[in-house]
Amino acid sequence: MLLSPQAERNWEGLCSVLEDVLEAQSHRQLLALELGSGTGQHVIRFAQKIPFVTWQPSDITEESLDSIKAYIAATHVKSVLQPVHLDASAPWEKWAGLSHRSCDVIVAINLLQYSSFETAKGVFTGAAQILKPNGLLITYGVYAINGTITPSCNENLDAELRKMNPEWGLPDIDVLRQLAYGNGIRLERIIEMEEYFKCLIFRKLD
Ligand SMILES: C[S@@+](CC[C@H](N)C(=O)[O-])C[C@H]1O[C@@H](n2cnc3c(N)ncnc32)[C@H](O)[C@@H]1O
């Protein structure tokens, strides 16, 4: 079972955002897909706090899938499905057999800065197909804004990420906004979180 200290610190803030943006739909059962679930800590906490959502965790690494399974087994949460292997950079038809317009919500936490631009493209083209009309795509992370990264701690983070992998780095909100728009998805809201992190709330148009 993997443990991410950062996930232990940020899950509550993320959970509040989810409760807030999903509240209006709490009268019905929703299906949420998590991309790049990592350890599985977030999805377990969200399931414990938000009972009207069924969660489908996913990741590309076996290590993550094993960890998520271990959290499900240890916590006995009923509303988290077994994790699936899903490469977000792949065409949506390869997204673990998920159907067209099957999900109400897609969540990607700290995925876009730790993956290539191909993954960002995959996330938006895939979300356009997998989300129901009016469905939400929620991304969390640190971002560049109009080509600028501030303050210096974020510049350092961007440099560290690029050192780990030249294809990684802070994605630009404006680039994501355009990518989304080209796929029929609108950036609806930016929520400021702790330490310069932000949640971007995108909505798939009808
Ligand atoms: C920085 S970790 C974040 C994990 C978790 N969401 C969190 O915040 O604790 C990034 C995760 O994205 C996964 N990942 C990277 N590229 C991916 C891709 N193309 N498709 C799906 N998952 C990917 C990695 O395996 C890793 O688990």
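Trainee: In what order do the elements of the chain run from the N terminus on?

Mentor: Helices (H or I, at least four residues) and strands (E, at least two) are DSSP runs, numbered from the N terminus. Here the order is α-β-α-β-β-α-β-β-α-β-α-α-β-β, which comes to six helices and eight strands. This is a predicted model, in which local features need pLDDT of at least 70 and side-chain atom pairs count only at pLDDT 80 or more, while totals for chains, interfaces and linings use all residues. Residues are numbered from 1 along each chain as its sequence is written.

Trainee: Why does the radius of gyration of the chain agree with a compact globule?

Mentor: The radius is taken over C-alpha atoms, and the globule rule is 2.2 Å times the number of residues to the power 0.38. For 206 residues the rule gives a value near 17 Å, and the chain has 16 Å, so the two agree. The C-alpha trace spans about 45 × 40 × 30 Å along its principal axes.

Trainee: Which strands pair with strand 5?

Mentor: Two strands pair if DSSP finds at least two bridges between them. Strand 1 (residues 30-35) pairs with strand 5 in the parallel sense over four bridges, and Leu35 has Ala108 as its bridge partner. Strand 6 (residues 131-141) also pairs with strand 5 in the parallel sense, over six bridges; there, Val107 stands opposite Ile138.

Trainee: Is strand 5 mostly covered or uncovered?

Mentor: A residue is buried if 20 or more other C-beta atoms, placed from the backbone, lie within 10 Å of its own, exposed if 12 or fewer, and partly exposed in between. In strand 5, seven of seven residues are buried; for the chain, the buried share is 38%.

Trainee: How many residues has the largest nonpolar core?

Mentor: In soluble globular proteins, nonpolar side chains tend to be buried together. A nonpolar core is a set of buried Ala, Val, Leu, Ile, Met, Phe, Trp, Tyr and Cys residues joined through C-beta atoms within 7 Å. The largest has 47 residues, with Leu35, Cys103 and Ala108 among those with the most contacts inside it. Strand 5 (residues 103-109) gives the largest share, six residues. A second, separate core of five residues includes Tyr143 and Leu170.

Trainee: Which residues are closest to the ligand?

Mentor: A residue is near a molecule if its C-beta atom, placed from the backbone, lies within 6 Å of it. The ligand is surrounded by 21 residues, the closest being Gly36, Gly38, Ala88, Ile109 and Asn110.
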